[in-house]
Amino acid sequence: MESFGFGAMIERLKKSPKTIVLTEGTDARILEASARLLAGTWLTPILVGNEDAVKAAAEEAGYNIRGARIIDPDTYEKMDEMVAEMVELRKGKLTADDCRKMLRQANYFGTMLVKMGEADCLLGGATYSTADTVRPALQLIKTKPGSKIVSSCFILVRPSATGGNDVLAMGDCAINIKPNEDELVEIATEVAHCGRVFGIDPKVAFLSYSTHGSGSGEDVDKMRHAYEKLMATTPDFDVDGELQFDAAVSPAVAHTKCPDSKVAGHANTFIFPDINAGNIGYKIAQRLGSFDAYGPILLGLNAPVNDLSRGCNAQEVYSMAIITAALS
């Protein structure tokens, strides 16, 4: 695990410790991951839930969570302040009573803890949908300056035949259903930045069923234009498009189809034309290519908020907590 970037992330957190909100405080997987995090001093979990219920769940499961902060929305001493801030953030859309009711939900409450500076980042979704993690983040934390959308990235890792690990970045596989050219440029920029956190030197391929005009159609044009727009604004970016997947990863195919490309044959960061291709693509790599998949890692927000799969295990919670904190 540490050989593809976790060690470096932990070292960074040791120098600048963080706090992370875990919205499902009584879930056994969350508690196991919290106990592991608390064995160090570099990432402190804030567990959302009734204090007695959280402690009872931890004791029943046999996990030591001493040192964790447990916050119950029903007894939170700054709730009036939180309601007032949420009313301001949702001005004209929600009343104070609406906000107070919504803040009894762990996803909204946890997101506001990050917004108010009580925590650095948030990880949720072990028992609820991606939409229920993303929606509060979009409404309350909002996109960072320069970002117009929230997108996502998966980091895929497997042991390399030559030692070390093969590490790839893929986006957007989870959020934007059919991104346009400008959104694809933003997605590519954010995915490349995320990849660098994991030690990837990004070589970005805008993927298509066409390589440099071998096919035609709206989707081909979209990927080629996205590549051209990115090159126009960031000419030193290692990027090419549009590329078929074989041309992107096989030096032999790249030599035949696009011999002058600096990226083709060596791409490690893949931008998909839509969520269908992205979701299918990363899952093929995961299931048939024996890659471990970390994500979806949400990109473009003012503070790191990430989503767990409802099928996750404690190891995945622990790994995603480190990833989330390292991005803050």
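The residues that line the largest pocket divide into twelve nonpolar, seven polar and five charged, where Ala, Val, Leu, Ile, Met, Phe, Trp, Tyr, Cys and Pro count as nonpolar, Asp, Glu, Lys and Arg as charged, and the others, Gly among them, as polar. Please bear in mind that this is a predicted model, in which local features need pLDDT of at least 70 and side-chain atom pairs count only at pLDDT 80 or more, while totals for chains, interfaces and linings use all residues. Residues are numbered from 1 along each chain as its sequence is written, and side-chain values use heavy atoms, with hydrogens and water left out.

A pocket here, on a 1 Å grid over the protein atoms alone, is an open set of points where a 1.4 Å probe fits, with protein on both sides within 12 Å along at least five of seven lines, and its lining residues have an atom within 4 Å of a point. The largest pocket has a volume of about 500 Å³, volume being the space filled by probe spheres set on the points, which are joined across faces, edges and corners. Of its 24 lining residues, Phe154, Tyr282, Gly295, Pro296 and Ser309 are the closest to the centre. Helix H12 (275-288) gives the most to this lining, with six residues; helices (H or I, at least four residues) and strands (E, at least two) are DSSP runs, numbered from the N terminus.

The second largest pocket holds about 210 Å³ of space, and H12 gives the most to that lining too, with three residues. Its lining, which includes Leu168, Met170 and Phe272, divides into eight nonpolar, three polar and no charged residues.
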